Each structure stands twice: as structure tokens, then as C-alpha cells.
Amino acid sequence: MNIKDIIRMLRPLRNRMYFNTGLFCLFACLSVAGAVTTILAYVSLWIPVPYLVLNILYIYIAFTVASIFISILAAPGIKSLIETADSLGLKERLITAWLLKNDNSEIARLQRQDTFNAVSKTDFKSIYPIRFPTKLAIVLAVLLVITSVSFLIPSHARRAAGKMEKLQQVVNEQIKNLEKVNEELKNNKELSEAELKKILDETTRLVEELKKAKTEEDALKALSRTENELKKLDKKEQLNKIGNALMMNDMTRALGEAINNDSLTDMKQALEKLMQQLEQEEISNEELAEMLEQVAEQTGNEEVSEELKQLAEKLLSDSKESQTGALNNLDEILSGMMQSQESSGLGQAMGQLSQAMQQAKSNISRISSRLPASNQNSSNSSEQSTGSGTGQQTAQESSKGGSNVPQGGQAAGSDQAAGEGLGAGKSPDGGGGGAGEGSTNEDAGYTGREKPGSGRKVGEGYEEKYEMLYDPDHLGGYTDPSYVSGHKQEGGTSNFTEVDNIPVQKGAILSYREVLPRYSKEAASYIEKTDIPAAMKEIVREYFKALE
Amino acid sequence: MNISEKDILHVIDTVLKIETEVKKQMVGQKELIRQVIICILAGGNALLEGVPGLGKTRLVNTLGQVMGLKFSRIQFTPDLMPADVVGTNIIIRDKSDSGMFKFQPGPVFSNIVLADEINRATPKTQSALLQAMQEKTVTVANTTYKLPQPFFVLATQNPIEMEGTYPLPEAQLDRFLFKLEVPFPTLEELEEIVTMTTGNIQLELQAVTDSEELLKIMEIVREIPVAKPVLDFALKLVMATHPETQYAPEIAKKYIRFGASPRGAQAIISTARIRAVLEGRYNVAFEDIHYVAYPALRHRLFLNFEGLSEGLTADTLISEILKESGK
């Protein structure tokens, strides 16, 4: 008889202890998980927590796994087994036998025999039952109920979390697309090392920003920022900007057109003509220098801008040679840009990237529209905009200025077709952007020109360029109402608002950031003065908020 | 020492026989009898405390007969002298009429000494027993005499009649292995006592053992192993009676003046071994410690004024300390 025989007989007790410990650990861990998830569920009513259900599930799984590990670690040791057995009526027989396990004296042998007899007579199943942790189970059940109740409570944060989930999914998809494009660009032999590096740096930064983006606005801003940064690399874009800027003035219109038409010959001719005019003093060098400075400000590329400013300075000098030299330099700069635009594979790369980013923008901006109506942030008037058909909108705009000046208009209307959209009014020469019934804050940045009466789905406007806006000198003044024609179908409703005080005075093309505060301020004061539904006011506020 | 199962069974059998024989003369008092036997088998002295007429003297007397031991009784009175207890040298004249001193052993020279109403003797006489109780020897006129083996002192005292008594000093109390409280019998037991003692029935007592066998039993029970956790428990229990130690619970710190001496720990372990054997075990359990803690410690705890004024007893404190121990 040795101690191993005795310990072997304790196996049923050991198994039961193990099972009880495991059961206790499991319920204890699940209760802790329940407490954590309850807190999380209620916190998510105020703070958006994306993937809440999934997170709750993960927490329970994590704690269950933890309980298994704890149970394994908490396997009853021999000492604990012996102590438990002794406490069950074996009266310290086991601990004595264990301590005397190496003692071969007669009394130790007798003691072991006595212990063995006592253990063999003991029915551990009856004296050590499986203990179900009832209290912990009740606590867990209560916590589960409390957590479940939180899902019945409507919450703004929950809806926001839903959006964040969608955003994350879309962003992840778009990141994959961008990475794919990046891989393709790496294989593009026509790209110079510097260009590739710049592109990769920008896209890497974009990916990081997209990962960090908490709202669609963040993601869209990141995309726009990257797009702008990449555009600085795009010679064609720069040339277009320069061309557009030059076209603003009669003096340089021919040069601008030549640049826009990518015609090197025309460009050279236009420059020669400019030189002649300058020599014959048909145009003043100050005027031309001023023009170049304006162009320099709008190129968006610091290097080119600096060079153009230097040329403008040279033009201001009294020396005819210096002035001619300046124009020659301009010829060199423009020729260089046009040639490099033709030779480089950058255009192709930019096209790929632009496409990828446009797609990303489009997908991100559609997030809200994919969500159920209850999840949308805006309390728009989609309910009343039922039916199908093209929207009919009426916009009132005031128009002043020459025919070559882009005009802006603002309209309010409802899109019958989708029940949500943007009403757009358009004057004959310009584009107008405005929040119509059902538009949401996702329309931020939208300045795209709309065809008269065309409805637009939410978010579509992000795909448009919004860096440059028409900037009226002031808002206000009396204007004639203008009507945007549309076709109204059965089952739909439409409304229109005659909008007074519309900004339509001669202005300039400026960065939208400069224009936005004025628009925002005027719109805010207007909606306070006008009798329009509160929900509409909210849409307008959200619109400008998003733009900001 | 090599002991066998047979030895252990013999111990149990002998104790049961002793108990059976004693019960012929003693009605009730089962626990008291068992505790006195445990104390004797541990080789210790017992102090029996109880009001007069509860059978203390009868118990000791009966035990002496049943165990086949030489028994003597000393009735302690205030005029009892130490020489009356331990013996003295007396002059003896031989045939030539020359005198010589010869030691005349006192009543202490027995196996079982009943020191009846020990608190009635003066401290001087009481202390005459000190050496006998602890060292099992007596020194008279520079000569040390060994007392017969086994040697036990079973003293009695009356707790209520305090006038003209000399409470035992702490040092002497500590020499007693157990202090046993003799309870008043129940109604049924009382009826049986009256019936038995007022009739003509005379039961013959048989000696079921002798001194040699008792010595062997005492040797056997000392072999019973004590596991470390059980020993630790006993030691911590004793430490807990000392208010200045970390083991002392709040109640001990508040009400105890002095705690038990190391003799208290010795008493617990040695008697717990016997209790384990009598329970049919080959090891000491926590419950044995619980069982012997009261008689082994109650006369070793000295309550402070606060404890006494609140009417606490040593047993109350022992209960609290045991409860605090969690075993």
C-alpha cells in the first residue's frame, strides 16, 4: 500500500473538483464579460461603438477562452485535493499519509492502510456534488437581459456607429483598390522615381488617414486632400489651370486657348503675338505682369507659381530685352510642361489613381443612402417625396453680369424621383448648387453644375470638383425669379421656393474655402428669416457644417 | 518502537474496559471519564473542579482500582504540612539502641495520588507537590527519591467555597495537564446515582490493567503521527492565546492577560494523540485538537480585569479562538 494507490482512489473527487472549478470559472468569466458588455452596450448609446454586437460576441468568446485557460491553470493540485478530501470527513488521514509517504515504519504503514480503508469507503459523489454556480448564473442572466434592453433604446450614437461600420467596410474595400493601383503603379516603368515616390507617399498617407477616418467627411477630406496633392504632379491639370486663368483676360485669351488645346504651335504663336504687342506697346507690361501674378496664384504648384511670379517681376522692368526675355522664359516653362505632359506616363498613373479615388469617393458618399432610412442622420422629407419621375424644380435666381461670367444660382426643391436629392437651379451660363428637400450633409462640397431640373442622388456631388467656386461680391439685391423647367409625373410632389437675395453679382473664381464662410453666414441668416420647415433648416445647416 | 495494529487495538480495548468498569461506579460523566483517562495515558496530572458531591473523589478512587494502580488520597487542609505529603526522615533505633534516620515515604509515593481539595492547603504544602508532579521525584533532606511509575496526581477543588482557601498559583496550575470541570448530573443520572448508592447493590470492580501495561500503552500512543498542518494548528492555537502575538484574534487581545505556556502546546499534542487512537485513527485530526483544547488550555489562560468583569470564561475565549482559526 502506498500513497499513489490512495491518491488514485481520489480520482472521482479530483474530477468533480476540476469540473466545479471549471464551471465556476466559466460563469465567473461570463459574468465579468456580461458586466463589461453591459457597460459597453450602454456607453454605445452615447458614444458610437461600431460593430457592437460583434464586439459583445468577441468579449464573451474572449472571456470564455480565458475561463478555459484559468480552469486549466486552476486544476486542483495534490495538496488541494488532499485538503478537500480531509475536509469531507477523512479527518486529516490523507495529509498525514501524504507527509508520511516515505516513512516505512509500522505506524506509517498502518496509517496508510487506515487511510486507504477510509477513502475506499467514502462515496465522493454523494458528499461532493457538482455545484452549479446558481448565483453567478443569475447575475449573468440579469446582465444579458440588461444588455438586450439597451438594444431597444433608440440612440443617435447607435445610428452613427452603423454609419461608421459601413464606412469602415467601404474604406477597407477602397484601401484594397488603392493598394492594387499602387502595385500597378510600381510596375509602371514610365513613371520617374520621384513621381512614384510622391504618389506612393501620398497614397500611403491616404490609406493611414482612411483607416483613422471616423466619419465620411474625414474619409472624403482625406481623399480630396490626396487628390489635390496628386494634382500638383499632374502637368496637364496645371496647364489647364494656367490656360483657364489666361483665358480670363482678352489679352491672353489666345495663349490660354492654345494651352488648353495642347497646341504647342498655337502657344508659341500666341506668345510671339504677345511679344509683338508688348514691343509695340499695344499692351502694357504692368497689365501682363498682373495677369501672370494672378495665373501664378492659381496654378496650385508652388514651383511653377514661383517661376511665373519671377517672370511677372521681370516684365515690370523698364528694359524691353528683359521683358522679351521674360516672355521667352514663359515660352520655355509652358513648352517644357506641355512636352513633359506628353512624354510622361504620369498621366496614365494619375488617371488610374483618379479613377480609384473617384470610385472611393462615390462609394463613401453613398454610405448613408445604403443605410436604412431610420439610420440616416437627416430628418428629410423623403416621406412626402414618393413616386417616380424626374423632379421638377423651380429656382429663383438673380442674374447679373456679362455673359462670360459664370453665374451662380441657388434653388430649393424636392426630387420626386428618389425622394431625396438636391434641387439645382442653373442660370444660362453658370452652375448652381443648393440644398434641396431631402438632401443631407453628405452633399458637402458639392458644387457641380446641374442640368435644369435634374434630380441628384445623395452624395453624388462629391464626385465634382469643388476647389474653385464662383464668388459674388455680395449677397442680396433684387432679382427676377427664374424657373427651372422639369417634368412632373403622377404620384410625385414637388415644391419650390422663390429665393430672394441670391448672390449674383460679378465676382471672381476663388477657392471655395474663401467663399464658404460668406455663403454659410448668409444662408444661416436667410433660413432664420424665411418661413421654411425646421427640418429643411437643419439640412441647410448640416450642409454647410459638412462643407466646413 | 515497532507497534502493530494489534497494539493499537489493545489500547482501544483497554481504555474501553477501563471505561466500562468505571461506569459501574460512576453514573454519567462519560466525557469526564474519557478525559481523565486521556490525561492519565498522556502521563499528566489532572485538576478536577466541581462542586462537592459530584463524584470527583469516587472517580479517582475507582480509576485507581480499575487500573490496578497503587492509590493514595491526601485530604488537603490548611494545617497539612509538606512532610505529610512527601514523607519525612524519622529516627529509628536499632538493637544496640543507636538511632538512625530513615525516610518514611509520604502518600505521594503511589501511582495515583488524589489531592482532595488541593486549594485548602497552604501554598507551601501545595508547592510540595510541584516537584512530584513535574519531575516525578521527591527530594527530602537532600535526598531525591523517585516516585513509582506511572505517577499521576488527580487533584480536586471546589470553585464556589473560596473562604479559607489558597488559590493555586499559576506555576502550579501549569503542571496540570488538564483542568476538568465536573458537570452536575442530569435528572436521569441523578436518579440512577441515588438508586445505586442508597441500595444494597455492591458492584465488584475488576482491575483491567496494571502499571506495566499502562506504561506500554503510554509508549504506544506517543507513536501516533501528527501531520505538520495539524501540529501548526495546535501551535498557532497556543500562540493565539498570547495577546501580544500576531496570531491573537481581537477577542484574545482584548480580554487575555497571559496566554498558555509551551506546556499547553505539549498537553494538546500529547492528549490529541490518545484521543485519535480512541477514535480509531492512526493520525491526529483537527477535531482532536478542538476536543483537547478546552481542558488543556482553560487553566492556562488568565483573563484581564475587563474579561473578568464582563463575565467571560477561559472556555468562551478558547471557543472564539478556535472559531477564528477556521479549522
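Predicted model: local features only at pLDDT ≥ 70, side-chain atom pairs only at ≥ 80, totals over all residues.
Started with the surface of chain A, which exposes about 27700 Å². I noted that carbon and sulfur atoms supply 53% of that area.

**Chain A, overall**

I looked up the secondary structure next and found 21 helices and two strands in chain A. Chain A runs to 548 residues, and buried ones make up 46% of them. Then I checked how far along the chain the contacts reach. Taking the contacts in chain A with a separation of 6 or more, I get 73% from residues 24 or more positions apart.

**Aromatic pairs**

How many aromatic pairs does the structure hold over all chains? I count six. I describe such a pair by the distance of the ring centres and the angle of the planes.

I took A:Phe27 and A:Phe132 to begin with. Their ring centres are 5.1 Å apart and the planes sit at 75°; over 60 counts as edge-to-face, so that is what I wrote down for this pair. Where do the two residues lie? A:Phe27 is in helix 2 (residues 11-43) of chain A, while A:Phe132 is in the loop between helix 7 (124-127) and helix 8 (134-150). The pair therefore ties together parts that are 105 residues apart in sequence.

I also wanted to know how covered each residue is. A:Phe27 has 13% relative accessibility, and because the buried class is under 20%, I put A:Phe27 down as buried. A:Phe132 comes out at 48%, so I logged A:Phe132 as partly exposed.

Over to chain B, where B:Phe233 and B:Phe286 make another edge-to-face pair. I have 5.3 Å centre to centre and 85° between the planes. B:Phe233 belongs to helix 9 (residues 228-240) and B:Phe286 to helix 12 (residues 286-297) of chain B, so this pair links parts 53 residues apart in sequence. Buried or exposed, these two? B:Phe233 is buried at 6% relative accessible area, and B:Phe286 is buried too, at 13%.

**Charges over rings**

Which ring does the charged end of A:Lys101 sit over? The ring is that of A:Trp98, with the charged end 3.7 Å from the ring centre. I noted A:Arg158 as well: its charged end sits over the ring of A:Phe151, 4.7 Å from the centre.

Definitions and conventions. Residues numbered from 1 in each chain as written. Chains lettered and ligands numbered in written order. Heavy atoms only, no water. Phe/Tyr/Trp six-rings, centres within 6.5 Å; stacked < 30°, edge-to-face > 60°. Helix = DSSP H or I, 4+ residues; strand = E, 2+ residues; numbered from the N terminus. Buried < 20%, exposed > 50% of the residue type's maximum accessible area, 1.4 Å probe, protein only. Lys NZ or Arg CZ within 6 Å of the ring centre and 35° of its normal. Contact = heavy atoms within 4.5 Å. Areas by Shrake-Rupley, 256 points an atom, 1.4 Å probe, with all protein chains shown as cover.
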